[in-house]
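Subject: Structure handover

Hi,

Here is the structure I promised to pass on. Please open it alongside this note, and my findings follow below.

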Amino acid sequence: MAEDQGCGRPRVAVSSCLLGEPVRHNGNHSRARYLTDELAPFVDWAPICPEMELGLGAPRESMRLERSPDGPRLMTRTSRRDLTPAMTELAAKRSAGLDADGYVFKAKSPSCGIHGIPLYAGDTAVTRQNRGLFADAVIEAHPLLPVEDEGRLNDAVLREAFTERIFAHARLRELLEGDWRPRDLVIFQSRHKMQLLAHSPVGYRETGRLVAEAGTRPRAELAEAYGTAFRTAMAAKASVGRNVNVLQHCLGMLGDELDPVRRADLAEVIDSYQARRVALSVPLALLRHHARGEAATYVHEQTFFSPYPDELGLRNHVV
């Protein structure tokens, strides 16, 4: 296996209507432009529409979740058809065979919504804290899978976090699906050190501990443990404070290659990011620009600096 682990091309499951397919209950679509216009060139989609897979067609009768002693039931509104058994069976089958680095669900759907779905008793919504029946089964089966809906992806912070995670998952999958050797895992961990530290110092230490066992621990067992630890670390939210810690660490790596004026300028920009006056992209660009020699190799190989294609421009917002 080559030492360069590659960029990883995510496989992303997605509600079909979000890609422009006319499969909604009213026969229309819900095309999400971030997905189709910006993210599409860099990922491989796996479109899924559970209603169409059940043979319900489009247009079709609308549905809702209803309260029952046995848990939420997925019911058609007019004909009162109970779709719960069929949808539950399909969700279990789809979850078992799911091979994806992330999933984008349709918001507000009683089958695919991931939050805020109303649960009815009669004509009254008694709670609005539910997931759709299909989405709930997928998330329960894959608790570390990055998931979002198209509505939440309109938020710049959530969009960047989701995109970062799916590319990290893709690089990990690319490594573990190949004929990797202990040195490949060491290289992978080395490239992701700063990214892991920005998300979870605990996860950073745990993945490092596991890599230290490469060559002595059974290969399959190590891959499973490392994969879980890595995905768990990446599921933790990166914060401004932890990003600042990483930026300062990388500034220290530049050593004596910077004159005092440039070092002071970089420290000031990092302070400005910490004070939320500039976007993260500003200190990142300056650190990459000023890195020289061995420090340049280290900085440029860190996935923290380019966790996904730069063309997506997702770090240009001030948090």
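Helix H6 passes helix H8 in a left-handed crossing. The model is predicted. H6 covers residues 182–199 and H8 covers residues 219–235. Their axes come within 10 Å and cross at roughly 25 degrees. Angles under 35 degrees count as roughly parallel, so H6 is roughly parallel to H8.

Which residues of H6 and H8 make the contact? On H6 they are Leu 185, Phe 188, Gln 189, His 192, Gln 195, Leu 196 and His 199. On H8 they are Leu 222, Tyr 226, Phe 230, Ala 233 and Met 234. By class, that contact has 8 nonpolar and 4 polar residues, with no charged ones.

The axes of H9 (residues 240–253) and H11 (residues 281–290) come within 11 Å. They cross at roughly 15 degrees, and H9 and H11 are therefore roughly parallel to each other. H9 passes H11 in a left-handed crossing. H9 contributes Leu 247, Cys 250 and Leu 251 to the contact. H11 brings Pro 283, Leu 284 and Leu 287. What is the class make-up of the contact of H9 with H11? It has 6 nonpolar residues, no polar and no charged ones.

Val 12 stands opposite Gly 102 in S5.

S6 (residues 117–121) and S7 pair in the antiparallel sense over 4 bridges. In S7, Ala 125 is the bridge partner of Tyr 120.

Two backbone details deserve a look.

- The peptide bond from Ala 58 to Pro 59 is cis, with omega near 0 degrees. Pro 59 is found in the loop between helix H2 (50–53) and strand S3 (63–66).
- Arg 80 has phi near 60 degrees, a positive value in a residue other than glycine. Arg 80 lies in the loop between S4 and helix H3 (84–96).

Last, confidence. The mean pLDDT of the protein chain is 94. Of its residues, 98% reach 70 or more. Where does pLDDT stay under 50? That happens over residues 1–6. For residues 1–6 the model has 19 contacts beyond four places in sequence.

Best wishes

How values were computed:
Residues numbered from 1 in each chain as written. Predicted model: local features only at pLDDT ≥ 70, side-chain atom pairs only at ≥ 80, totals over all residues. Heavy atoms only, no water. Pairing = 2+ DSSP bridges. Helix = DSSP H or I, 4+ residues; strand = E, 2+ residues; numbered from the N terminus. Axes fitted to C-alpha atoms, helices over the stretch in contact; angles between N-to-C directions. Parallel < 35°, antiparallel > 145°, perpendicular 65-115°, else oblique. Left-handed = near helix turned anticlockwise from the far one by under 90°. Contact = heavy atoms within 4.5 Å. Nonpolar A, V, L, I, M, F, W, Y, C, P; charged D, E, K, R; others polar. pLDDT = per-residue confidence, 0-100.
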